[in-house]
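Me: I have a model open and want to go through some of its local geometry. Can we take it piece by piece?
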Amino acid sequence: MNTELFKGEKLYSSGDFKLCRESYAAISIALEDNQAVGIIAGYYDEDLTIAYVSEFFLHNLGYGYEEFMEVVSGSLKNVFCGENDDFIRNERLVKIHGSEDVKMLNKEGAPVKIRAYKTDSFDNEGTPLWILSAHIDEMQENMQLVNQVISSGFWSVKCDQHGKPTDVFFSYEFRKMLGYHNILDFPDSLETWQAGVHPGDIEMVDRAFYDAFRDCTDETKYDVEYRMRLADGSYQWFRDKGEVSRCADGTAFHMVGIFVNIDKEKKAAQYTRRADAFHRAYTKANLCEYYVDLKENSFDSMKMEGELAGMFEKNITWDEMIGRFTDTYVVWEDREMMKQFYDRAYIARKLEEGSEEINLECRILMNGNMRWIRNVIIRDSAGDTPRYALGFVSDVTEVKRKEENLKEITNQNRIMNQLIKGTVKLVDCYVACDLERDIYHFYSQNMNDSACKPEGKYCEFVEYMASRFKTVSGNLTLKQAFSVENIRKMLKGPDDIYRFEYCTRDEKQFKSIAISPLTWKEGKAEEVLLMAQDTTEEKLVEI
């Protein structure tokens, strides 16, 4: 017996068996790689007969040698319990190499959590041997209970001397969450893990993973949410978070992480967001609402206006209904884009790309009148593959009329034109804003001033102005001054004017702005006009 190898521990033999030099070398590797407290070894016969067992192994299960061999009948198959039946099947055990999390029964019949490291060798007669080192740790048992409570699993990655990830370990709980049993089903490799990440998430996940290793300052953390493929082919959402241990020079040598299933929370949040969007859309202005199966080319209508009811017959497909609706109601100039918008392949592609909502405005003729409609498609909350969609068609004719009125106010209104002509030398730009609908139209006397888009959302205009300018007085930030709430607070009547000064952030250009109501309704300004005048020369003289 090589007592130096076992440091005084006894190694029992069930017969006249002798270990060869290679067997001792294999046991040394098993002990070193697993930091184990016990060894058990045997043959690949039908019963996986136990040939050797260490005193450390017996001690941690509470047995003496003779008692242990009697209880398990000398077979490894009677040592394991629970979900490890697959591990001790002969044809699989021979293929397994490396670490596995398993459970063994102790003397009291209670399952004990064990980290096993399996390797192979042969005896002095050349007969193949399986060898298991067993690391029994109460902390491992506690960690398993925590993992069960929060649906999580442990993983770790070792690096080479250059900080490049090499060896990977996935815990039993990690594999179990994905529907796998052991390293044969889900090998310990980066390639195995990366192959399971959803194609739409892999680029983001890879970048975050490797950036965390490369950042020697340790400021870049690996903390991502992504979809992972399960053994049955479906995907679920997980949060993956890891911490890197580094050498003195900042080079990574080890990362340890936790893998948490957040599928229920993620889908609940998605459901709430999509349901809110759909409920907001469920108004009297909607002409129809529907639920469509993009794969089966079928739909169910949930609401339709009287004249449209005949379009939603149960015996027609989605494509047929869209074709009939387009040919019957949509004006001919808008028909082609309407058909493209409702094409099932187009909808699936846009939703697959991550769009939460796609929309299109077009004109229809109904009851002899032309009406504007907005067609909206949003992803259904059931699943991440874009098979089902929720949609609605709403009448936006009045909205369009308001837009035309706004254009009339800013472009054709006689009083406005006179104001513009009279102030052209004083005003270098003005902005017509619809505060209710979050819309602005920008006009500049300086043709070289093209940084601001001519039209868009008012909130975007405010962000643009705040990024370039600041108020001269310190009472309000420019963003606060331009806010809808502040403008309405300062404009107490339809004839009021709200003025303040602002300048570029380097204080080289100064401007004065006057804000006055264009339309007033129910005690507040709905539409306002912003007129800006360059006061740089006067301000510099004043300064």
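Me: Which strand does Ser516 lie in?
Reply: Ser516 lies in strand β22, residues 510-521. Strands are DSSP runs of E with at least two residues, and helices are runs of H or I with at least four, numbered from the N terminus. This is a predicted model, where local features need pLDDT of at least 70, side-chain atom pairs count only at pLDDT 80 or more, and totals for chains, interfaces and linings use all residues. Residues are numbered from 1 along each chain as its sequence is written, and side-chain values use heavy atoms, with hydrogens and water left out.

Me: Is Ser516 buried or exposed?
Reply: Ser516 is buried, with a relative accessible area of 16%. Buried means under 20%, exposed over 50%, partly exposed in between (1.4 Å probe, protein chains only).

Me: And what is Ser516 in contact with, leaving aside neighbours within four places in sequence?
Reply: Leu491, Asp496, Ile497, Val528 and Leu529. Contact means heavy atoms within 4.5 Å.

Me: What is the strand order in the open sheet?
Reply: The seven strands run β19-β18-β17-β23-β22-β21-β20, with antiparallel pairing. Two strands pair if DSSP finds at least two bridges between them. The edge strands, each pairing on one side only, are β19 (455-457) and β20 (469-471).

Me: How many bridges join β18 to β19?
Reply: Three, and the two strands run antiparallel. His441 stands opposite Glu455 in β19.
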